[in-house]
Amino acid sequence: MTDEYFMQQAINEAKKAFEADEIPIGAVVVLNETIIGRGHNQVELLNDPTAHAEMIALTAATNYMGAKYLTNCTLYVTIEPCLMCCGALHWSKVARIVWGADDLKNGHRKYTEDRHPFHPKTTVTNGILSEECARLMKDFFLGKR
């Protein structure tokens, strides 16, 4: 199993959001090459500004684990996490975060100026299937104009 494989699973989640007229961001949490949490944006459905893909995937994973820490897990998310999701990722102590496309408008780096907002032991990889991840966002917002 590769980063590309798991990012494709996150993209599949993002497509569910797209079909539900939600901003198309998807996420999966992986432990030992097994997906233990999935999520896609459900902000509109739940009328909840915290119902981001990462938050839903983290909740599913912590429920699966029966623990609040995900120290051996990797989160794959299609778009760079926002500042709110960074806080949740920090407190979950997730081992690794992988995202597809950067988010210049709402991503955490707009506020953190490339400082590491995650747990000190968390590693980050970005740019995995970035064009496909970005295309979903572009197509979604083109349809809104």
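The chain contains six helices and five strands, and the model described here is a predicted one.

**Overall dimensions and contacts**

- The C-alpha trace of the chain spans about 40 × 30 × 30 Å along its principal axes.
- Buried residues make up 45% of the 145 residues of the chain.
- Among contacts in the chain with a separation of 6 or more, 59% are accounted for by residues 24 or more positions apart.

- Five strands form an open sheet in the order 2-1-3-4-5, and their pairing is mixed.
- Strand 2 (34–40) and strand 5 (123–126) are the edge strands, each of which pairs on one side only.
- From one strand to the next, the twist averages 15 degrees.

**Strand 1 and its two neighbours**

- Strand 1, which comprises residues 26–31, pairs with strand 2 in the antiparallel sense over six bridges.
- Strand 1 also pairs with strand 3 in the antiparallel sense, here over four bridges.
- Strand 1 is mostly covered, with six of its six residues buried.
- Gly26, Val28 and Val30 point one way from strand 1, while Ala27, Val29 and Leu31 point the other way; residues of both sets are buried.

**Helix 6 and its packing**

- Helix 6, formed by residues 130–144, packs on the sheet and touches strand 3 (74–79) and strand 4 (96–101).
- The direction of helix 6 makes about 60 degrees with that of strand 4.
- Helix 6 has 15 residues, and the distance from its first C-alpha to its last is 22 Å, close to the 21 Å expected at 1.5 Å a residue.
- The buried residues in helix 6 include Cys133, Ala134, Leu136, Met137 and Phe140.
- These residues cover an arc of only 150 degrees around the axis, which puts them on the same side of helix 6.
- The buried residues of helix 6 pack against helix 1 (3–19), strand 3 and strand 4.
- Glu131, Leu142 and Gly143, by contrast, are exposed on the other side of helix 6.

Definitions and conventions
Residues are numbered from 1 along each chain as its sequence is written. This is a predicted model: local features need pLDDT of at least 70, side-chain atom pairs count only at pLDDT 80 or more; totals for chains, interfaces and linings use all residues. Side-chain values use heavy atoms; hydrogens and water are left out. Two strands pair if DSSP finds at least two bridges between them. Axes are lines fitted to C-alpha atoms, for helices over the stretch in contact, and angles run from 0 to 180 degrees between N-to-C directions. Contact means heavy atoms within 4.5 Å. The expected span of a helix is 1.5 Å times one less than its number of residues. Buried means under 20% relative accessible area, exposed over 50%, partly exposed in between (1.4 Å probe, protein chains only). The arc is that of the directions from the helix axis to the C-beta atoms.
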